[in-house]
Amino acid sequence: MAKRSAPEVNAGSMADIAFLLLIFFLVTTTIEKDSGINRKLPPIEDNTEPPIIKQKNIFTVLINKHDQLLVEDESMDIKDLRQAAVAFLDNGGDGSCSFCQGAKDPKSSDNPDKAIISLKNDRETSYAAYISVQNELVAAYNILRNRRALELGPSKGFPNMDFIQMENMYNDVRWSGNKTKLKALIEQIKTEIPQKLSEVVE
Amino acid sequence: MSKFKKKGDGGLAPINTASLPDIVFMLLFFFMVATVMREDTLKIKNSLPLADQVEKLDKKNPVSYIYMGRPSENYKKYGTEAKIQLNDNFADVSEVAAFIAAERAALREELVNYLTVSLKVDKDANMGIVGDVKQELRKVNALKINYTTGTGDAISNMTK
């Protein structure tokens with residue numbers, strides 16, 4: 001007897017079913033954004049005397065209600081803010097900072113540890129402008145930290161890695177290097193170039 | 001007569017669509033895997049600003065979301081000024097403290113100190129409302145915050 005071949009299943013509608021599911025998921029999908037700028041708010045303390053800080057160690061940034069910038073009493077474009085902040089932090093006026101490459105201007109900041117960026121915004125300032133300014137200031141700190149990381153890295157066994165890469169490596173579970181050594185290096189860079197960003201609350 | 005006669009052969013062979021389901025399934029699986037169901041239904045316009053110095057929000061630690069923006073088309077009756085949205089409803093600044101307390105109560109005790117507050121603020125909102133919320137957060141000692149942004153060129157925020 002001849003072998004009877006199994007009847008073929010009609011799979012023509014399978015595509016339709018798959019399309020139906022596909023469209024459902026297409027419509028419900030929202031790619032959630034889960035990255036941003038981390039900040040730590042200062043705790044509320046009562047009756048604390050404000051510390052005395054020399055005027056030259058403060059870098060003031062004001063954003064008015066038309067989203068215009070006033071940096072150190074001069075108006076500035078957002079494009080130039082990053083460079084201005086780097087120049088201020090990197091100044092090294094008192095000579096105690098061995099890695100600074102700035103102008104050593106006695107009228108600007110003493111060292112990165114003492115330098116403070118003060119940010120003040122108006123109630124009418126747009127959030128977009130505020131984020132742009134925050135972003136540029138964080139970028140300024142990152143530029144300096146990256147430079148420092150490239151200087152320190154080779155002697156500590158982490159050559160050709162900038163600060164951002166170090167942090168990524170540290171947070172990467174698959175990375176197989178020496179995490180305690182890397183942590184110590186990250187902490188050292190963070191103490192050498194601390195993010196001292198103060199916000200004025202009226 | 002035979003001019004209009006259909007040609008018996010030589011017509012196009014039908015395209016084989018047998019692999020169509022495979023392609024569709026591939027897309028389907030991609031979207032199934034990439035889908036995150038929204039936690040809250042947004043009643044506000046919420047297009048986030050861009051920044052390029054971003055860090056990833058640590059999902060291992062608990063995260064609470066506070067949304068701000070002006071009410072979207074369907075909720076125009078609530079005005080055009082930016083408002084706060086907590087969970088699924090509009091809220092007042094004074095309710096932020098209670099919201100954080102409720103979020104903390106839902107957490108395991110050892111995780112309470114690691115609560116991060118993610119501020120999802122529309123780029124057209126102004127800083128007044130954000131400042132008020134930040135002040136409220138300071139009062140309840142929820143100090144770890146994250147300005148959630150998209151990734152892109154930050155300068156483009158200011159040149160509309």
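# Questions on chains A and B

User: Against which helices do the buried residues of α5(A) pack?
Analyst: Helices are DSSP runs of H or I with at least four residues, strands are runs of E with at least two, and both are numbered from the N terminus. A residue is buried if 20 or more other C-beta atoms, placed from the backbone, lie within 10 Å of its own, exposed if 12 or fewer do, and partly exposed in between. In α5(A), the buried residues are L182(A), L185(A) and I189(A). Their packing partners are two helices of chain A, α3 (127–156) and α4 (163–171).

User: What kind of model is this?
Analyst: Residues are numbered from 1 along each chain as its sequence is written, while chains are lettered from A and ligands numbered from 1 in the order in which they are written. Local features need pLDDT of at least 70, side-chain atom pairs count only at pLDDT 80 or more, and totals for chains, interfaces and linings use all residues, for this is a predicted model.

User: What is the radius of gyration of chain B?
Analyst: The C-alpha atoms of chain B fill a box of roughly 95 × 40 × 35 Å along the principal axes. Buried residues make up 26% of its 160 residues. The radius is taken over C-alpha atoms, and the globule rule is 2.2 Å times the number of residues to the power 0.38. A compact globule of 160 residues would have a value near 15 Å, whereas that of chain B is 25 Å.

User: In what pattern do the helices and strands of chain B follow one another along the sequence?
Analyst: Chain B has three helices and eight strands. Read along the sequence, they give the pattern α-β-β-β-β-β-α-β-α-β-β.

User: In what order do the seven strands of the open sheet stand?
Analyst: Two strands pair if DSSP finds at least two bridges between them. Strand β3(B) (residues 63–69) runs parallel to β6(B), with six bridges, and antiparallel to β4(B) (residues 83–86), with three. The edge strands, which pair on one side only, are β2 and β5 (89–91) of chain B. The pairing in the sheet is mixed, and the order is β2(B)-β1(A)-β7(B)-β6(B)-β3(B)-β4(B)-β5(B).

User: Which residue of β2(B) is the bridge partner of G36(A)?
Analyst: Strand β1(A) (residues 35–40) and β2(B) run antiparallel and are joined by two bridges. S35(A) stands opposite K56(B). The partner of G36(A) is E55(B).

User: Which residue of β5(B) stands opposite Q85(B)?
Analyst: K83(B) and Q85(B) point one way from β4(B), I84(B) and L86(B) point the other way, and all are buried. Strands β4(B) and β5(B) run antiparallel with three bridges, and their hairpin has two residues between the strands, where N87(B) takes a positive phi near 50°. The residue of β5(B) opposite Q85(B) is F90(B).

User: How many residues of chain B are in contact with chain A?
Analyst: Two residues are in contact if their C-beta atoms, placed from the backbone, lie within 7 Å. On the chain A side, 47 residues take part; on the chain B side, the number is 53.

User: How many residues on the side of chain B that touches chain A are nonpolar?
Analyst: Ala, Val, Leu, Ile, Met, Phe, Trp, Tyr, Cys and Pro count as nonpolar, Asp, Glu, Lys and Arg as charged, and the others, Gly among them, as polar. Elements giving two or more residues to this side include α1 (20–34), α3 (127–139) and β7 (144–148) of chain B. Besides 14 polar and twelve charged residues, the nonpolar ones number 27.

User: Is L57(B) buried, partly exposed or exposed?
Analyst: L57(B) is in the loop between β2 and β3 of chain B. Beyond four places in sequence, its contacts include D34(A), S35(A) and G36(A) as well as T116(B); the C-alpha atoms of L57(B) and T116(B), 59 residues apart along the chain, are separated by 8.7 Å. Because L57(B) has 17 C-beta neighbours inside 10 Å, it counts as partly exposed.
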